[in-house]
Amino acid sequence: QSGHYGRGIGTNATGLLSATDKVITELIGKHPTGKRAEQDSILKGPVDKVEQVIFEEINGQLIQACTKKIDGAAGPSGLDADGWKRILCSKQFGTKSMELCESIAHMAIRLSTQYVDPNIIRPFTACRLVPLDKKPGVRPIGIGEVLRRIVGK
């Protein structure tokens, strides 16, 4: 049962560790310091333009179909796969669900065909860090946004 503490100190029944100072320190120690990309790893020269026709099949119906196949926990926004299914696939919201699916499809096409400033999509690519009990130690698990998983499909 998620959220209920098990026998281990600071560990609940799902194997998740509580965010104690010790756990946070260990997670920080496992996270590498960010650094700038090396010039040899950056593509240089003209970039081939991808033809828009390749992405014509990305539409609201496809977004709904992909949403129905998604499962999993929430990212930083707190909205899990079941929440996205309710918003995008249920009849509860009438035509607004399909309108949102069409908007997500347009976003997917834009992300696939145009340069998008990384600072603008930072919330879209963010992950929620979850500390799992490795017994002994901590295993950091990043859980990304469900919307990113939907668009990725």
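This is a predicted model: local features need pLDDT of at least 70, side-chain atom pairs count only at pLDDT 80 or more; totals for chains, interfaces and linings use all residues.
Two strands are taken to pair if DSSP finds at least two bridges between them. Strand E1, residues 127-133, and strand E2, residues 138-144, are joined by 7 bridges and run antiparallel. Within this pairing, Leu132 stands opposite Arg139 of E2. The two strands form a hairpin with 4 residues between them.

Lys135 sits in the loop between E1 and E2, and its phi is positive, at about 50 degrees, although the residue is not a glycine. Is Lys135 buried or exposed? With a relative accessibility of 66%, Lys135 counts as exposed, because the cut-off for that class is over 50%. Pro136 belongs to the loop between E1 and E2 as well, and the peptide bond leading from Lys135 to Pro136 is cis, its omega being near 0 degrees.

Stepping back to the whole protein chain, the secondary structure amounts to 6 helices and 2 strands. Their order along the sequence is α-α-α-α-α-β-β-α. The radius of gyration is 20 Å, well over the 15 Å that the globule rule gives for 153 residues, so the protein chain is more spread out than a compact globule. Along the principal axes, the C-alpha atoms fill a box of roughly 55 × 50 × 20 Å.

Of the 153 residues in the protein chain, 24% are buried. The accessible surface comes to about 11,300 Å², and carbon and sulfur atoms account for 56% of that area. Turning to contacts between residues at least 6 apart in sequence, 56% of them join residues at least 24 apart. As for charge, the protein chain carries 22 positive and 16 negative side chains, and 7 Å separates the centres of the two sets.

Lys49 lies in the loop between helix H1 (21-30) and helix H2 (60-68). Its relative accessibility is 71%, so Lys49 counts as exposed.

Gly94 provides a second example, placed in the loop between helix H3 (81-89) and helix H4 (95-113). Its relative accessible area is 45%, which means that Gly94 is partly exposed. Gly94 and Ser18 are 76 residues apart in sequence, and their C-alpha atoms lie 41 Å apart in space.

Definitions and conventions:
Residues are numbered from 1 along each chain as its sequence is written. Side-chain values use heavy atoms; hydrogens and water are left out. The radius of gyration is taken over C-alpha atoms; the globule rule is 2.2 Å times the number of residues to the power 0.38. Buried means under 20% relative accessible area, exposed over 50%, partly exposed in between (1.4 Å probe, protein chains only). Contact means heavy atoms within 4.5 Å. Accessible areas come from the Shrake-Rupley method with a 1.4 Å probe; for residues, only the protein chains shown count as cover. Lys and Arg count as positive and Asp and Glu as negative; His and the chain ends are not counted. The place of a charge is taken as NZ of Lys, CZ of Arg, CG of Asp or CD of Glu.
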